[in-house]
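Here is a briefing on one protein structure. Read it with the sequence and the 3D view side by side.

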Amino acid sequence: MAPLCAIVPQYVLEGIIEKGLAPQPIINRCQSTIEKTKQLQDVREAQGQSIAAVQQQQPSQGIIPPYILESIARNAVTEQQREAARHTLAQRTEHRIAAGRVRHLNRTVYDAQNSRDNPPPRDSILLKEGAKPLSAAEDPTNNANECYIGLGKTYDFYFNFFQQNSFDNKGISLDGFVHAGDLYNAYFDGKQLVFGDGDGVIFNGFTDELDVIGHEFTHGVVQYTSPLPYRYQTGALNESLADAFGTMVKQWGESNPQTADQANWLIGEGIWAAGVNGRALRDMKNPGTAYNDAQVGKDPQPAHWKDFKKLPYSNDQGGVHINSGIPNRAFFLAATMIGGYAWEGAGPIWYRALSSGKLRQDAIFKDFADLTIENAGQHVDKVREAWTLVGYPFSEKRDEL
Ligand SMILES: [Zn+2]
């Protein structure tokens with residue numbers, strides 16, 4: 001079953017329930033968030049299938065995967081065969097770039113009116129594309145304005161730096177829902193982004209951090225570009241890509257763009273309310289140190305392959321939000337070693353690996369690392385070193401996973 005791409009992992013909510021130190025209404029909301037997430041998994045699966053079906057209809061995708069064409073282009077016996085493969089690959093790249101060049105930003109922010117339905121009702125529109133920001137009286141929590149602005153900045157980030165036209169690269173409309181009922185989370189369900197409310201005790205809220213919106217949007221980009229199944233190492237790569245691009249949206253989109261050295265590399269900074277001992281939900285620079293709190297538990301992310309956690313599917317889909325700490329740190333290291341703005345250095349390398357057409361649905365860490373090294377150009381030594389510092393080539397567990 002394909003799960004939902006939610007920013008707060010289930011184990012965080014389970015931790016709050018198990019510790020039992022938070023007020024009872026908060027524990028109840030953690031429970032209801034887990035229940036709602038489970039219900040939504042069926043929806044996610046259905047929409048995941050429909051996305052796959054749409055992709056198969058696109059003539060530009062072709063029946064032969066690009067990695068086979070690449071192999072033919074290099075290894076075929078005759079020059080005529082090699083040239084045909086190269087030509088087919090070039091045509092697809094041109095088609096893809098042409099499709100992405102027409103800017104089409106179309107946002108709508110809805111009030112989910114505390115509904116627990118998915119998708120939430122669409123009868124209360126708070127903001128449409130081009131509208132002025134809502135007043136404090138109209139949007140007292142500022143969630144609608146934050147959602148609208150965050151979607152716009154995320155769209156612009158992808159369009160400006162990667163010529164990616166919305167998450168489907170065809171200008172799909174961006175629908176955001178705020179005030180989802182009784183939900184401690186933000187999630188992407190394959191079509192829309194849905195945000196619950198904070199409580200000011202454990203969670204502050206989910207719309208005011210650009211990296212959270214960028215993270216969820218990136219799950220859409222991954223879904224349409226190289227749909228990595230959301231489980232085990234493959235799912236941890238999916239999660240890590242969402243964090244890497246989410247944090248770049250934040251580094252670029254906040255008041256002053258930050259270089260890799262200037263950035264703090266925190267994911268979900270500001271999610272925790274003042275009473276929680278934590279800086280963020282995750283820390284790409286120092287995985288495993290984002291929070292440590294009596295009510296919530298401790299950040300479980302490993303920072304190196306030697307601490308990889310082999311987990312069953314029942315635990316975080318095999319550790320998708322946990323083992324993502326390893327590729328997250330590799331991205332931080334590559335971005336810092338290359339220097340400058342991450343979206344000009346390591347970002348394009350990761351994007352080329354993601355969109356190369358060679359990232360297979362059974363990809364493990366080594367496969368993705370190899371693709372980034374292959375696409376690193378002049379930065380190849382730095383990218384290889386970044387991965388080596390987190391345990392590349394990850395060899396000893398390959399057969400087990
Ligand atoms: Zn995610």
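Is H215 buried or exposed? H215 is buried, with a relative accessible area of 0%. Buried means under 20% relative accessible area, exposed means over 50%, and partly exposed is in between (1.4 Å probe, protein chains only).

This is a predicted model, in which local features need pLDDT of at least 70, side-chain atom pairs count only at pLDDT 80 or more, and totals for chains, interfaces and linings use all residues. Residues are numbered from 1 along each chain as its sequence is written, and side-chain values use heavy atoms, with hydrogens and water left out.

**Overall picture**

- The protein has 12 helices and 10 strands. Helices (H or I, at least four residues) and strands (E, at least two) are DSSP runs, numbered from the N terminus.
- Of the 401 residues in the protein, 56% are buried.
- The accessible surface comes to about 16,600 Å², and 49% of it belongs to carbon and sulfur atoms. Accessible areas come from the Shrake-Rupley method with a 1.4 Å probe; for residues, only the protein chains shown count as cover.
- Take the contacts between residues at least 6 apart in sequence: 64% of them join residues at least 24 apart. Contact means heavy atoms within 4.5 Å.

**The zinc site**

- Three residues supply the protein donors of the zinc ion: H215 (NE2), H219 (NE2) and E239 (OE). They lie 1.9 to 2.1 Å from the ion.
- Donors are N, O and S atoms within 2.8 Å of the metal (3.2 Å for Na, K and Ca); water is not among the atoms, so sites may look incomplete.
- The spacing of the donor residues in sequence is H-x3-H-x19-E.
- H215 and H219 both sit in helix α6 (residues 210–225). They are 4 residues apart, so about one helical turn separates them.
- H219 is buried too, at 1% relative accessibility.

- Helix α7 (residues 232–253) has 22 residues. From first C-alpha to last, α7 reaches 31 Å, close to the 32 Å expected at 1.5 Å a residue. The expected span is 1.5 Å times one less than the number of residues.
- In α7, 21 of the 22 residues are buried, so the helix is largely enclosed by the rest of the structure.
- D243 is found in α7. D243 is buried, with a relative accessible area of 0%.
- The side chain of D243 makes a polar contact with the side chain of N328, at 3.0 Å.
- A polar contact is a pair of N or O atoms within 3.5 Å; within protein, one must be able to donate a hydrogen and the other to accept it, and residues adjacent in sequence count only if both atoms are side-chain atoms.
- Not counting residues up to four places away in sequence, D243 touches H215, I267, R282, M284 and N328. One of these, H215, is also a zinc donor residue.

**Helix α5 and T154**

- T154 is in helix α5 (residues 143–162). T154 is buried, with a relative accessible area of 0%.
- The T154 side chain reaches the backbone oxygen of G150 at 2.8 Å.
- Leaving aside neighbours within four places in sequence, T154 is in contact with I213, G214, F217 and V249.

**Nonpolar cores**

- A nonpolar core is a set of buried Ala, Val, Leu, Ile, Met, Phe, Trp, Tyr and Cys residues joined through side-chain atoms within 4.5 Å.
- The largest core has 97 residues. F203, F245, W272, W350 and W387 touch the most other members.
- Helix α5 gives this core its largest share, 9 residues.
- Apart from this core lies another, of 10 residues, among them L4, Y110, Y187 and V194.

**Backbone details**

- The peptide bond from N118 to P119 is cis, with omega near -5 degrees. P119 is found in the loop between β2 (107–111) and β3 (125–128).
- The peptide bond from Y392 to P393 is also cis, with omega near 15 degrees. P393 is in the segment after α12 (380–389).
- N142 is not a glycine, yet its phi is positive, near 65 degrees. N142 is in the loop between β3 and α5, and is partly exposed at 33% relative accessible area.
- S166 is not a glycine either, and has a positive phi of about 65 degrees. S166 is in the loop between α5 and β4 (174–180), and counts as buried at 0% relative accessibility.
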